[in-house]
Amino acid sequence: MEVEVLERDEYNLRLLIRDVDVPFMNALRRIMISEVPCMAVDEVVMLENYSILPDETIAHRFGLIPLKTDLESYNLPEECPCKSEFGCNLCRVTLTLDAEAKEGTRTVYSNELTSENPGIVPVSEKIPIAKLAKGHKIRLEAYARLGKGKNHVKWQPVSMCAYKYFPRIEIQSKRCDVCGKCIDICPKKVLAKTDNKMEVRNLMACTMCQDCVEACPEEPKAIKVGWEENAFILNLESTGALPPERIVKEAVKILEGQLGELESQIQVKKSEEA
Ligand SMILES: [Zn+2]
């Protein structure tokens with residue numbers, strides 16, 4: 001397997017992965033979406049709510065706030081030795097909010113949350129929670145826990161995770177009369193004309209829509225768009241809960257664990273037979 005990092009920033013990662021197949025890529029994608037844990041608010045205790053929003057709406061909004069996650073220091077509640085439904089400081093983080101509109105109407109933002117662990121805080125400080133009119137007040141305690149996307153989407157560490165085949169474009173220069181129709185129709189500006197010749201300028205952007213093939217007036221077509229069988233471009237965007245490369249690494253670990261479990265189960269069966 002060959003992996004090349006095409007793009008990387010705080011939230012996004014684009015990888016070119018060669019010598020793998022669709023089932024592998026899809027397993028990896030599904031694990032990143034549904035199995036890699038991250039922190040999210042799971043329970044809200046409303047102490048005071050003198051706003052126009054019902055308690056449930058505010059609690060729901062809390063679930064939607066992505067929280068920075070520390071996988072080293074916290075356990076999944078179901079795996080925590082405390083075995084308590086309420087949780088302990090190894091499987092639960094308490095965040096508090098005490099917001100009041102004293103002067104006039106104002107918006108309560110995510111930066112007003114106080115976390116007992118300064119490492120587990122909202123990814124962004126600018127997420128609106130509620131609007132308060134003068135005299136309105138919200139006081140609450142929120143409990144964040146680790147969880148998995150397969151149980152609730154608030155525990156999904158990726159806001160987008162998809163792969164596509166690596167495109168392959170062939171131009172038959174003998175048949176091509178460089179009319180430029182394929183350049184004009186391409187929404188991604190993949191093709192370009194240089195020295196009276198067609199060339200592929202931005203292969204990675206190609207979505208294989210085949211518009212350029214249809215636009216080609218030649219018969220048979222002078223351009224062919226296909227894909228490589230065993231190369232994929234993986235694109236993922238983190239919610240900010242975890243760095244994007246960490247999400248990929250965790251997914252690989254989980255897949256490895258699942259295969260290891262399968263292997264050990266098969267061995268048990270064998271020894272029973274013997
Ligand atoms: Zn615990």
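Student: Where is Ala251 found?

Tutor: Ala251 is found in helix α5, residues 244–273. Helices (H or I, at least four residues) and strands (E, at least two) are DSSP runs, numbered from the N terminus.

Student: Before we go on, what sort of model is this?

Tutor: This is a predicted model, in which local features need pLDDT of at least 70 and side-chain atom pairs count only at pLDDT 80 or more, while totals for chains, interfaces and linings use all residues. Residues are numbered from 1 along each chain as its sequence is written, and side-chain values use heavy atoms, with hydrogens and water left out.

Student: Back to Ala251. Buried or exposed?

Tutor: Ala251 counts as buried because its relative accessibility is 0%. Buried means under 20% relative accessible area, exposed over 50%, and partly exposed in between (1.4 Å probe, protein chains only).

Student: Which residues is Ala251 in contact with?

Tutor: Leaving aside neighbours within four places in sequence, Ala251 is in contact with Leu28, Ile31, Met32 and Val36. Contact means heavy atoms within 4.5 Å. Leu28 is 223 residues from Ala251 along the chain, and their C-alpha atoms are separated by 6.3 Å.

Student: What about Asp55, where does that lie?

Tutor: Asp55 lies in helix α2, residues 55–63. Asp55 counts as partly exposed, at 36% relative accessibility. Apart from residues up to four places away in sequence, Asp55 touches Met46 and Asn49.

Student: New topic. Which residues coordinate the zinc ion?

Tutor: Cys80, Cys82, Cys88 and Cys91 coordinate the zinc ion, each through SG, at 2.2 to 2.3 Å. Donors are N, O and S atoms within 2.8 Å of the metal (3.2 Å for Na, K and Ca); water is not among the atoms, so sites may look incomplete. Along the chain, the donors follow the spacing C-x1-C-x5-C-x2-C.

Student: Why is the arrangement around the zinc ion called tetrahedral?

Tutor: The four donor atoms subtend angles of 104 to 115° around the zinc ion, which makes the arrangement tetrahedral. Four donors count as tetrahedral if all angles lie between 85 and 135 degrees. The ideal angle for four tetrahedral donors is 109.5 degrees.

Student: And Cys82, what is its relative accessible area?

Tutor: Cys82 has a relative accessible area of 28%, so Cys82 is partly exposed.

Student: How many salt bridges are there in the whole structure?

Tutor: A search of the whole structure finds 15 salt bridges. A salt bridge is a side-chain nitrogen of Lys or Arg within 4 Å of a carboxyl oxygen of Asp or Glu.

Student: Which residues are linked in a network of salt bridges?

Tutor: Asp42, Glu43, Arg145 and Lys154 are linked in one. Asp42 forms a salt bridge with Arg145, with the closest N and O atoms 3.2 Å apart. Asp42 lies in strand β3 (residues 38–49) and Arg145 in strand β8, so this pair ties together parts 103 residues apart in sequence. Arg145 also forms a salt bridge with Glu43, where the closest N and O atoms are 3.0 Å apart. Arg145 counts as buried, at 5% relative accessibility, whereas Glu43 is partly exposed, with a relative accessible area of 33%.

Student: What does Arg246 pair with?

Tutor: Arg246 forms a salt bridge with Glu72, and the closest N and O atoms are 2.9 Å apart. Arg246 lies in helix α5 and Glu72 in the loop between α2 and β4 (93–100), so the pair ties together parts that are 174 residues apart in sequence. Glu72 is exposed, with a relative accessible area of 61%.

Student: Last one: how many helices and strands are in the protein chain?

Tutor: There are five helices and 12 strands. The radius of gyration is 26 Å, well over the 19 Å that the globule rule gives for 274 residues, so the protein chain is more spread out than a compact globule. That radius is taken over C-alpha atoms, and the globule rule is 2.2 Å times the number of residues to the power 0.38.

Note on methods: Four donors count as tetrahedral if all angles lie between 85 and 135 degrees; four count as square planar and six as octahedral if opposite donors are over 155 degrees apart and all others between 65 and 115; anything else is irregular.
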